Amino acid sequence: MIKNIRPQVGFASNNVKEHVLSKFRAEQSSNEYIISLCKQKFFNEAIKEFEFLKKKTGFCLNLNTYAYLISACSYLRSLEHGRKIHDHMLKSKFNPDLTLQNHILNMYGKCASLKDAQKLFDDMPERNVVSWTSVIAGYAQNGQGGNALELYSQMLQSGIMPDQFTFGSVIKACSSLGDIGLGRQLHAHVLKSEFGAHIIAQNALISMYTKSSLIIDALGVFSRMATRDLISWGSMIAGFSQLGYELEALCYFKEMLHQGVYLPNEFIFGSIFCACSSLLQPEYGRQLHGMSIKFGLGRDVFAGCSLCDMYAKCGFLSSARNVFYQIARPDLVAWNAVIAGFAYGGDAKEAIAFFSQMRHQGLIPDEITVRSLLCAFTSPLELYKGMQVHAYISKMGLDLDVPVCNTLLTMYAKCSEFHNAIFFFEEMRYNADLVSWNAILAACMLHNQVEEVFRLLKLMCISQHRPDYISLTNVLGACTEIVSIEIGNQIHCFALKTGLVIDISVTNGLIDLYAKCGYLETARKIFDSMINPNVVSWSSLILGYAQFGYGEEALKLFETMRRLDVKPNHVTFVGVLTACSHVGLVEEGWQLYRNMEKEFGIVPSREHCSCMVDLLARAGCLNEAEGFIHKMAFDPDIVVWKTLLAACKTHGNVDVGKRAAENILQIDPSNSAAHVLLCNIYASKGNWEEFARLRSLMKQRGVRKVPGQSSIEVKNRIHVFFVEDRLHPEINKIYATLEELLLQMLDAGYVPFQK
């Protein structure tokens, strides 16, 4: 049972507080009273006292009082009052000493008034290391790393040597710029100085390296530290968690607890919960949740957000809800976390409920809120709800935010017809960013609008946004869909020219394209040029070999893949089972199928079952294939029965073929392929009575044979041909060429198949 812990405050009630303040005021002078308030952390009351005294004439504050008041403004981030106190000081003709000026510099920096800080700094007749550090810190804390580094350079030129606080601020500025080369130079400068081993400088270096994704460098700094504080441990644990070293994050957390010097705070628990979330290990998270409660952080908003996110990502939405309701005073970030958790968890109804509660609490949703909520709508049934949120977004003016519009575009692509998505994109096109273009390209692929992909790619190339690896991956997918090798070659050239070919998703897309278009040699060359091919690379090439009848090559590649300890996925097994089918390796196919789940944890899908039916049926094991279909974990679809029926035609098995056709017609009574294949089976066996009966039944039902078709790409144009087609504009030349080919075939000794 979690107790309702009230936050600790300085006084139990307002009456007691007023009594103590009255006592202070009676016993002390104005200066002493203000200083006493600041020491008790009654910063607002101290400033109110200053405002009260300012109305009186003849009152005078001393240097120490001004310093305390300025520090109060720094703590409260109150630029308005800070300026008033500074102005009062100047009007009183009070001459502040260097220490007080440094306090004022620090206040302006903390309040993000860098112009005021720089002006005061420029007017100072004397400066020390604290003066320089205060302005450098102000720039670093407010995202102006370049100015901070420039000032640091001026400081060195002036002969002032930096201290540990200067190094901390300068390293932070360097980190914000992402200039790791300069960061390493600063690291060397720190080591040469007398403050090289100081914990503040060391912690700043750890933070810089982790933010630059250089976890080994960060670990090197951490390992060499003579003493470590909570910030050192927290920075290292957060770095491991954020950079994908989740187990290391947990190990270092355990080591910190084992040493027993520091107790974890809410930020460390936040990092640990994120690590559990990435590992999808809710049991670890539950244990750590109990530990956080023991340390008095069960109602903390920061730790609670991460914990809520962890439970949601692991599928424990009820636990996520309970954690959220335990947070003492959830802020906007906490509400966003719980809404995102339920939205990404697929519970749109609950995400909307939290959104409504949040608004009733008086909190105003921001861009992150509505983007998270929109992610809950992923099917046509949720389109209306998505449109309601869209109306709210427009009402609040959030539709001016491009990332929000991108999320709306994705919502329309998933929930409605393609024309709605393209209409929305055209409306926002002139404000579109790279994400917008990639979103609409993905929408085209989702709705099988392949030609639209190429049209949009041309528009994208003349816009201010050039295609990136995500764009090319979508376009290569479109080329593969229509087997367009010419456009694929152009995209390949573009990828080489722009350097995008080094991205593994682009390289995999090229392998998949060339393999599915039959250009296996080119696909293999690209594969061999890869330094570290992943499972997608291997699977694409294996599947390509298998589909074009090179079963032995596919199986050899699979063996090489296993020797290199690359774990296969479900696509890999589709490839190897197809390869076994083409080569006729029935026993090997059975062995692979049985080991899929046992050895690799891959549950057989419909595709794998279809491959097994094809394997058995091609080998003439039609009864075994039929028995396998009946034992499948799910209801067989038309594809499985068609595979069996086609094999029955090849092997002339009327009984199994008839049952296969009946099952197809139960699913789709108007399926022409089932009727035609069964007719062909009867005809091949000379069963003309059944043949005539079935043909008559087809006429009664209005079933027409769908003519076979093929296509070929010539000079960027797709030509489609039907059986006995007479509509093509160059049909005479085509038939003349066919007759010439037939004559060449006969001369070569080809004997036509006779029924």
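Colleague: What relative accessible area does R455 have?

Modeller: Keep in mind that this is a predicted model, where local features need pLDDT of at least 70, side-chain atom pairs count only at pLDDT 80 or more, and totals for chains, interfaces and linings use all residues. Residues are numbered from 1 along each chain as its sequence is written, and side-chain values use heavy atoms, with hydrogens and water left out. On our scale, buried means under 20% relative accessible area, exposed means over 50%, and partly exposed is in between (1.4 Å probe, protein chains only). R455 falls in the partly exposed class, because its relative accessible area is 35%.

Colleague: Which residue does R455 meet in a salt bridge at 2.5 Å, N to O?

Modeller: A salt bridge here takes a side-chain nitrogen of Lys or Arg within 4 Å of a carboxyl oxygen of Asp or Glu. Look inside helix α27, residues 450-461 (helices are DSSP runs of H or I, at least four residues, and strands are runs of E, at least two, numbered from the N terminus). The two partners are three residues apart in α27, so about one helical turn separates them. At 2.5 Å, N to O, the side chain that R455 meets is that of E452.

Colleague: Which residues are joined into one network with R455?

Modeller: R455 also forms a salt bridge with E426, the closest N and O atoms being 3.8 Å apart. That pair links distant parts of the chain, 29 residues apart, with E426 in helix α25 (418-428) and R455 in α27. R455 meets E452 in a salt bridge as well. Through salt bridges that share partners, R455 is joined with E426, R429 and E452.

Colleague: Is E452 buried or exposed?

Modeller: E452 touches F418, I422 and C444, leaving out residues up to four places away in sequence, where contact means heavy atoms within 4.5 Å. Its C-alpha atom is separated by 8.2 Å from that of L441, 11 residues apart along the chain. With 19% relative accessibility, E452 counts as buried.

Colleague: How many salt bridges are there, by this rule?

Modeller: One of them joins the side chains of R321 and E350 at 3.2 Å, N to O. That pair links distant parts of the chain, R321 in helix α19 (317-326) and E350 in helix α21 (348-360), 29 residues apart. R321 counts as partly exposed, because its relative accessibility is 24%. By this rule, the number of salt bridges comes to 18.

Colleague: And how many disulfides does the count give?

Modeller: A disulfide here is a pair of cysteine sulfur atoms within 2.5 Å. C444 is out, because its sulfur is 13 Å from the closest cysteine sulfur, in C479. C444 is also buried, at 0% relative accessible area. By this rule, the count of disulfides is zero.

Colleague: Which residues of α2 are buried?

Modeller: Helix α2 (30-39) is mostly covered, with seven of its 10 residues buried. Just after α2, K41 takes a positive phi of about 65 degrees. The buried residues of α2 are N31, Y33, I34, I35, S36, L37 and C38.

Colleague: What relative accessible area does N508 have?

Modeller: N508 is found in helix α30 (504-516). Leaving out residues up to four places away in sequence, N508 touches M530, N534, V536, S537 and S540. N508 is buried, with a relative accessible area of 7%.
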